Amino acid sequence: MSSTEPDALLGPADIRDLAAKLGVRPTKQRGQNFVIDANTVRRIVRTAEVRPDDVVVEVGPGLGSLTLALLEAADRVVAVEIDDTLAAALPATVQARMPGRADRFALVHSDAMQVTELPGPAPTALVANLPYNVAVPVLLTMLERFPSIERTLVMVQSEVADRLAARPGNKVYGVPSVKANWYAEVKRAGAIGRNVFWPAPNVDSGLVSLVRRTEPLATRASRAEVFAVVDAAFAQRRKTLRAALSGWAGSAPAAEAALTAAGISPQARGESLTVEEFAAIAEHKPEESA
């Protein structure tokens with residue numbers, strides 16, 4: 001939609017030059033791996049179905065590879081960056097490479113886990129190459145705090161992508177799967193090779209699409225109450241729910257009563273339950289332990 005120059009996006013040489021000028025080396029501590037392939041960031045934007053009227057929030061923009069591709073497609077981009085050097089440099093990169101879109105860009109220099117508000121109109125989409133070591137908490141926090149986010153596409157470590165998109169009964173189905181499903185319909189949306197990153201990670205990456213539920217889950221229980229059941233159920237995966245939820249309910253018999261009332265077998269295990277079933281259990285928490 002914009003009249004950006006063909007070379008506005010960052011290529012491998014651009015990324016390395018920019019990093020050298022800033023004295024930046026990607027750090028393992030922050031799970032940083034910079035995307036150096038313009039085709040990959042354009043593919044991410046396409047897969048995210050970014051629209052001309054979208055306000056996109058990006059977490060961990062790094063040197064700006066994905067940021068620039070998002071600016072080509074969206075109405076506005078708000079980037080949240082914790083790194084002092086990267087945060088200071090990004091507005092200048094946007095101004096230099098996409099001067100005609102620079103007024104559509106805003107930077108929030110902060111830890112995404114601490115952000116409670118964003119400048120400008122409410123975000124409609126979240127698109128990000130999430131730092132591997134904080135991907136799940138950042139994703140869940142953003143979905144909780146910004147209910148206006150309708151569509152999300154995140155690039156995460158492949159096994160994290162599998163966990164987020166797993167269905168009940170799958171061996172990697174767990175806490176991230178259930179909590180993500182509380183907010184959205186979740187699915188794998190593709191794989192990303194290692195050679196599009198600098199430095200190349202020693203793991204594969206995957207894209208995960210999350211489309212927010214049009215109606216919140218029908219339950220009397222709050223999100224916190226449901227998540228407490230989920231955490232308890234998966235804290236001891238090998239145990240039956242009767243045993244795993246005994247601390248949550250106050251005792252094993254109380255857990256059994258709550259499960260029976262919710263229509264769930266006390267002998268079931270957490271990995272077999274849907275988010276709706278976890279919500280049903282939360283609704284039947286014994287009064288004395290509520």
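Me: Contact means heavy atoms within 4.5 Å. With that in hand, which residues in H7 meet residues in H8?

Reply: This is a predicted model, so take each contact as part of a prediction. From H7 come Val175, Val178, Lys179, Trp182 and Tyr183. They meet Arg223, Val226, Phe227, Val230, Asp231 and Phe234 in H8. By class, this contact has eight nonpolar residues, three charged and no polar ones.

Me: How do I describe two packed helices?

Reply: Give the angle between their axes and the distance between the axes. Now the case here. H7 covers residues 175-183, and H8 covers residues 223-235. Their axes come within 10 Å and cross at roughly 160°. Angles over 145 degrees count as roughly antiparallel. H7 and H8 are therefore roughly antiparallel to each other. Their crossing is right-handed.

Me: What are the angle and the axis distance for H2 and H3?

Reply: H2 spans residues 38-47, and H3 spans residues 65-73. H2 and H3 pack at about 50°, with their axes 9 Å apart. They are therefore oblique to each other. The crossing of H2 and H3 is right-handed.

Me: Which residues make the contact of H2 with H3?

Reply: H2 supplies Val41, Arg42, Ile44 and Val45. H3 supplies Ser65, Leu66, Ala69, Leu70, Glu72 and Ala73. The residues of this contact divide into seven nonpolar, one polar and two charged.

Me: How do H3 and H4 cross?

Reply: H4 takes in residues 84-97. The axes of H3 and H4 come within 11 Å and cross at roughly 50°. The two helices are therefore oblique to each other. H3 passes H4 in a right-handed crossing. Thr67, Leu68 and Leu71 in H3 meet Leu90, Val94 and Arg97 in H4. Four of the residues in the contact of H3 with H4 are nonpolar, one is polar and one is charged.

Me: On to the sheet. How do strands of a sheet pair?

Reply: They pair through backbone hydrogen bonds, either parallel or antiparallel. Here, an open sheet of seven strands runs in the order S4-S3-S2-S5-S6-S9-S7. Its pairing is mixed.

Me: Which strands stand at the edges?

Reply: S4 (105-109) and S7 (184-192) do. Each has a single partner strand, so one side of each is left without a neighbour in the sheet. From one strand to the next, the twist averages 20°.

Me: Do S2 and S5 run parallel or antiparallel, and how many bridges join them?

Reply: S2 (residues 55-59) and S5 (residues 125-129) run parallel, joined by two bridges. In one of them, Val57 has Leu126 in S5 as its bridge partner.

Me: Which strands does H4 touch?

Reply: H4 packs on the sheet and touches S3 (76-81) and S4. Its direction makes about 170° with that of S4. H7 packs on the sheet as well, touching S7 and S9 (205-212). The direction of H7 makes about 120° with that of S7.

Me: Now the backbone. What are phi and the peptide bond like in most residues?

Reply: Most residues other than glycine have a negative phi, and most peptide bonds are trans. Two places in this model are worth checking against that. Glu49 has a positive phi, near 55°. Glu49 sits in the loop between H2 and S2. The peptide bond from Trp198 to Pro199 is cis, with omega near -10°. Pro199 lies in the loop between S8 (197-198) and S9.

Me: What is the mean pLDDT of the protein?

Reply: The mean pLDDT is 93, and 94% of the residues reach 70 or more. Over residues 1-5 the pLDDT is below 50. Beyond near neighbours in sequence, that stretch has 10 contacts in the model.

Conventions. Residues numbered from 1 in each chain as written. Predicted model: local features only at pLDDT ≥ 70, side-chain atom pairs only at ≥ 80, totals over all residues. Heavy atoms only, no water. Axes fitted to C-alpha atoms, helices over the stretch in contact; angles between N-to-C directions. Helix = DSSP H or I, 4+ residues; strand = E, 2+ residues; numbered from the N terminus. Parallel < 35°, antiparallel > 145°, perpendicular 65-115°, else oblique. Left-handed = near helix turned anticlockwise from the far one by under 90°. Nonpolar A, V, L, I, M, F, W, Y, C, P; charged D, E, K, R; others polar. pLDDT = per-residue confidence, 0-100. Pairing = 2+ DSSP bridges.
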